[in-house]
Amino acid sequence: VPVHGYDSVDDYYYHSSPINHAHEIHVPTLAFSADDDPVCSIEGADIMEEKGMFGPGLLVARTNRGGHVSWAEGAVGYDSYMDRVIFEWITSCREHYSHKSASVNAKTVEHAVDQDIPTAVPVMA
């Protein structure tokens, strides 16, 4: 860690944590958080939400289960809840912004002033 300019492991984690940047998110962004994630503590997300530390473009989809990156669903767990929801959310954003502008591109989304992004997240099956 010191080789890369950090004083300690704690210093590295502090500077690399998304907590320090979440308030700056203005572009529509969907993040997932599972209560049973063994790596990322849900308590941090709770504190950030309570203190209003999420930027206007950030939507956090919180689930009871999902682990760190799996969110498997279906009879045998081969389908992905996360993939399904991301696709549905992006489709919804595109439809939303296509009504606001004839040409939807990164600049249209990036410079959206009202930030009335789609906020519905389907319930995990």
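**Before you click**

This is a predicted model, in which local features need pLDDT of at least 70, side-chain atom pairs count only at pLDDT 80 or more, and totals for chains, interfaces and linings use all residues. Residues are numbered from 1 along each chain as its sequence is written, and side-chain values use heavy atoms, with hydrogens and water left out.

**Stop 1: the whole chain**

Switch to a cartoon view. You will find four helices and four strands; helices (H or I, at least four residues) and strands (E, at least two) are DSSP runs, numbered from the N terminus. Along the sequence, the pattern reads α-β-α-β-β-β-α-α.

Of the 125 residues in the chain, 28% are buried. Here buried means under 20% relative accessible area, exposed means over 50%, and partly exposed is in between (1.4 Å probe, protein chains only).

**Stop 2: helix α2**

Select residues 42–50, which form helix α2. Which residues of α2 are buried? They are Ile-42, Ala-45 and Met-48. Look down the axis of α2: the buried residues fall within an arc of 120°, so they line one face of the helix. The arc is that of the directions from the helix axis to the C-beta atoms. As a reminder, an α-helix has 3.6 residues a turn, so residues three or four places apart point the same way.

Then step just past α2 to Gly-52, which takes a positive phi of about 65°.

**Stop 3**

Go on to Pro-56, in the loop between α2 and β2. Pro-56 is partly exposed, at a relative accessible area of 41%. Draw a C-alpha to C-alpha distance from Pro-56 to Thr-29: the two are 9.4 Å apart in space and 27 residues apart in sequence.

**Stop 4**

Select Asp-37, in the loop between β1 and α2. Asp-37 is buried yet has no salt bridge, and the nearest side chain of opposite charge, Arg-62, is 11 Å away. For charges, Lys and Arg count as positive and Asp and Glu as negative, while His and the chain ends are not counted. A salt bridge is a side-chain nitrogen of Lys or Arg within 4 Å of a carboxyl oxygen of Asp or Glu.

What does Asp-37 touch, not counting residues up to four places away in sequence? Show Gly-67 and His-68. The side chains of Asp-37 and His-68 are joined by a polar contact of 3.0 Å. Such a contact is a pair of N or O atoms within 3.5 Å; within protein, one must be able to donate a hydrogen and the other to accept it, and residues adjacent in sequence count only if both atoms are side-chain atoms.

Next, select Asp-35 and Arg-62, whose side chains meet in a salt bridge (2.6 Å, N to O). This pair links distant parts of the chain, with Asp-35 in the loop between β1 and α2 and Arg-62 in strand β2, 27 residues apart. Asp-35 is partly exposed at 31% relative accessible area, and Arg-62 is partly exposed at 43%.

**Stop 5: a charged network**

How many salt bridges does a search of the whole structure find? It finds three. Select Glu-73, Arg-84 and Glu-88, which are linked in a network of salt bridges. Between Arg-84 and Glu-73, the closest N and O atoms are 2.9 Å apart. Arg-84 lies in helix α3 (residues 81–100) and Glu-73 in strand β3 (residues 72–73), so the pair ties together parts that are 11 residues apart in sequence. Glu-73 is buried at 10% relative accessible area, whereas Arg-84 is partly exposed at 28%.

The side chains of Glu-88 and Arg-84 meet at 3.6 Å, N to O.

How values were computed:
Contact means heavy atoms within 4.5 Å.
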